[in-house]
Amino acid sequence: MYGFPTETLQETVDALENVRRMFDEGIVQSAFWHRYAMTCHSPSGHHPEAYGAQRITLEPNPFCNNEVDWEPRFDYDIDAVGAALRLATYNYMNGLGLDQPLRSWFPIRVPKPTGGR
C-alpha cells in the first residue's frame, strides 16, 4: 500500500526497495500496489486533519459511506509515484529490472533508497 497521508516519498521509495529485494531473493513471485483509501471507520477518517489530510466533503455518499473523499497534501506527484511502483513491480514479476537503479523507474526526482540501490 502506498499514499497514506503522512507517508513520505522516502518511505515509498524504501518500500519499493523492500519489494525489489523480495523478488530478487525469490521470496515472492507476485505483488500489487494499492493506493491508500481513507475509510470513515479509521482514525484518519475520523480526524483527517491530524494526518495532514482534508476532507473534500462532509456530505454522505448516497450509495455507501465507507470511503471518505479526501485531498492529499503530498509535496510530490502521487500519481507519477503510483505509476512507477506498478511499472517496477510488473517488471520484477517478470524477472526484469532487478539490477536497474531503483530511481530509474520514477519520472520524477526521488531520493535514493535507504540502504539500497
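How closely do the axes of helix 1 and helix 3 come together, and at what angle do they cross? Keep that in mind while we look around, and remember that this is a predicted model.

**The whole chain**

Show everything as a cartoon to begin. Turn the model around: the C-alpha atoms fill a box of roughly 50 × 25 × 20 Å along the principal axes. Of the 117 residues in the protein, 35% are buried. Among contacts between residues at least 6 apart in sequence, 64% join residues at least 24 apart.

**Select residues 9–24**

This is helix 1, with 16 residues. From its first C-alpha to its last it reaches 22 Å, close to the 22 Å expected at 1.5 Å a residue. Now show side chains. The buried ones include Leu9, Thr12, Leu16, Val19 and Phe23. Asp14, Glu17 and Arg20 are also among the buried residues of helix 1. An α-helix has 3.6 residues a turn, so residues three or four places apart point the same way.

**Select residues 78–93**

Here is helix 3, the partner that the buried residues of helix 1 pack against. Helix 3 also has 16 residues, and its reach of 22 Å is again close to the 22 Å expected. Its buried residues include Ile78, Val81, Leu85, Ala88 and Tyr92, and helix 1 is part of what covers the buried residues of helix 3.

**Show both helices together**

Time to settle the opening question. The axes of helix 1 and helix 3 come within 10 Å and cross at roughly 10 degrees. Angles under 35 degrees count as roughly parallel, and that is why helix 1 is called roughly parallel to helix 3. To see the contact, pick Leu9, Thr12, Leu16, Val19, Arg20 and Phe23 on helix 1, then Val81, Leu85, Ala88, Thr89, Tyr92 and Met93 on helix 3. These residues divide into 9 nonpolar, 2 polar and 1 charged.

**Look into the core**

Which residues touch the most other members of the largest nonpolar core? Select Leu16, Leu85, Tyr92 and Phe106: they do, in a core of 25 residues. Helix 1 and helix 3 are the elements that give two or more residues to this core, and the largest share, 6 residues, comes from helix 3. In soluble globular proteins, nonpolar side chains tend to be buried together.

Now center on Tyr92. Leaving aside neighbours within four places in sequence, Tyr92 is in contact with Leu16, Arg20, Phe23, Gly97, Leu98, Leu102 and Trp105.

Beyond its neighbours within four places in sequence, Asn91 is in contact with Leu96 and Trp105.

**Finish at Glu59**

For a contrasting stop, select Glu59, in the loop between strand 1 (54–55) and strand 2 (70–71). Glu59 counts as exposed because its relative accessibility is 63%, and the cut-off for exposed is over 50%. Finally, draw a distance from the C-alpha atom of Glu59 to that of Arg20: the two residues are 39 apart along the chain, and these atoms are separated by 41 Å.

Methods: Residues numbered from 1 in each chain as written. Predicted model: local features only at pLDDT ≥ 70, side-chain atom pairs only at ≥ 80, totals over all residues. Heavy atoms only, no water. Helix = DSSP H or I, 4+ residues; strand = E, 2+ residues; numbered from the N terminus. Expected span 1.5 Å × (residues − 1). Buried < 20%, exposed > 50% of the residue type's maximum accessible area, 1.4 Å probe, protein only. Contact = heavy atoms within 4.5 Å. Core = buried A, V, L, I, M, F, W, Y, C linked by side-chain atoms within 4.5 Å. Axes fitted to C-alpha atoms, helices over the stretch in contact; angles between N-to-C directions. Parallel < 35°, antiparallel > 145°, perpendicular 65-115°, else oblique. Nonpolar A, V, L, I, M, F, W, Y, C, P; charged D, E, K, R; others polar.
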